[in-house]
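Here is a short briefing to read alongside the model. Take a look at the structure first, and then we can walk through it topic by topic.

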Amino acid sequence: MAPHFMYSLDGILVFGLLFVCTCAYFKKVPRLKTWLLSEKKGVWGVFYKAAVIGTRLHAAVAIACVVMAFYVLFIK
């Protein structure tokens, strides 16, 4: 049986935020940057695009992470 968060909107948002934050972190690590973020098109390009979103919109992503953490911890 699949976990409940896979079928809910807030689960998708949490996954998206964590994915963007992880890829932005990978962009700061030289070995991971050359290995994972070298492709800019195709399936592997999703990692590059998420890293670009995470670095360019770092303030908005950080605020969204704090808001989502508050929501998951106290409201849900």
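## Overall picture

Read along the sequence, the protein follows the pattern α-α-α-α. That makes 4 helices and 0 strands, and please keep in mind that this is a predicted model.

**Whole chain**

- Taken along the principal axes, the C-alpha atoms of the protein fill a box of roughly 40 × 30 × 20 Å.
- The protein has 76 residues, and 21% of them count as buried.
- If you look at contacts between residues at least 6 apart in sequence, 58% of these join residues at least 24 apart.
- An unreviewed UniProt entry lists residues 6–26 and 46–74 under "transmembrane region".
- Over the stretch 46–74, the model is 97% helix and 0% strand, and the C-alpha atoms at its ends lie 32 Å apart.

**Helix 1**

- Helix 1 covers residues 9–28.
- Its 20 residues should span 28 Å at 1.5 Å a residue, and this agrees with the 29 Å between the end C-alpha atoms of helix 1.
- Which residues of helix 1 are buried? They are Asp-10, Gly-11, Leu-17, Val-20, Cys-23 and Ala-24.
- The cover over these buried residues of helix 1 includes helix 3 and helix 4.

**Helix 3**

- Helix 3 runs over residues 45–56, which gives it 12 residues.
- From first C-alpha to last, helix 3 reaches 16 Å, close to the 16 Å expected at 1.5 Å a residue.
- Gly-45, Ala-50, Ala-51, Val-52 and Gly-54 are the buried residues of helix 3.
- These buried residues pack against helix 1 and against helix 4, which spans 58–75.

**How helix 1 meets helix 3**

- Two packed helices can be described by the angle between their axes together with the distance between those axes.
- For helix 1 and helix 3, the angle is about 90° and the axes are 7 Å apart.
- The two helices, helix 1 and helix 3, are therefore roughly perpendicular to each other.
- On the helix 1 side, the residues that take part are Phe-19, Val-20, Cys-23, Ala-24 and Lys-27.
- On the helix 3 side, they meet Val-46, Phe-47, Ala-50, Ala-51, Val-52, Ile-53, Gly-54 and Thr-55.

**Aromatic rings**

- The structure holds 5 aromatic pairs.
- One of them joins Phe-15 and Phe-19: the ring centres are 6.1 Å apart and the planes lie at 20°, so this pair is stacked.
- Phe-15 and Phe-19 are 4 residues apart in helix 1, so about one helical turn separates them.
- Is each of these two residues buried, partly exposed or exposed? Phe-15 counts as exposed because its relative accessibility is 58%, while Phe-19, at 24%, counts as partly exposed.
- Tyr-25 and Phe-26 also pair, with ring centres 6.4 Å apart and planes at 50°, so this pair is tilted.
- Tyr-25 has a relative accessible area of 52% and is exposed.
- Ring pairs also link Phe-15, Phe-19, Trp-44 and Phe-47 into a cluster.

**Residues to look up in the viewer**

- Asp-10 sits in helix 1, and its relative accessibility of 13% makes it count as buried.
- What does Asp-10 touch, not counting residues up to four places away in sequence? Its contacts are Met-68, Tyr-71 and Lys-76.
- Gly-11 lies in helix 1 as well, and with a relative accessible area of 9% Gly-11 is buried.
- Gly-11 and Ile-63 are 52 residues apart in sequence, and their C-alpha atoms are 17 Å apart in space.
- Thr-55 belongs to helix 3 and counts as partly exposed at 26% relative accessibility.
- Leaving aside neighbours within four places in sequence, Thr-55 is in contact with Ala-24 and Lys-27.
- From Thr-55 to Lys-28, the separation is 27 residues in sequence and 9.6 Å in space, C-alpha to C-alpha.

Conventions: Residues numbered from 1 in each chain as written. Predicted model: local features only at pLDDT ≥ 70, side-chain atom pairs only at ≥ 80, totals over all residues. Heavy atoms only, no water. Buried < 20%, exposed > 50% of the residue type's maximum accessible area, 1.4 Å probe, protein only. Contact = heavy atoms within 4.5 Å. Phe/Tyr/Trp six-rings, centres within 6.5 Å; stacked < 30°, edge-to-face > 60°. UniProt positions renumbered as here; feature names shortened; annotations may be inferred. Expected span 1.5 Å × (residues − 1). Axes fitted to C-alpha atoms, helices over the stretch in contact; angles between N-to-C directions. Parallel < 35°, antiparallel > 145°, perpendicular 65-115°, else oblique.
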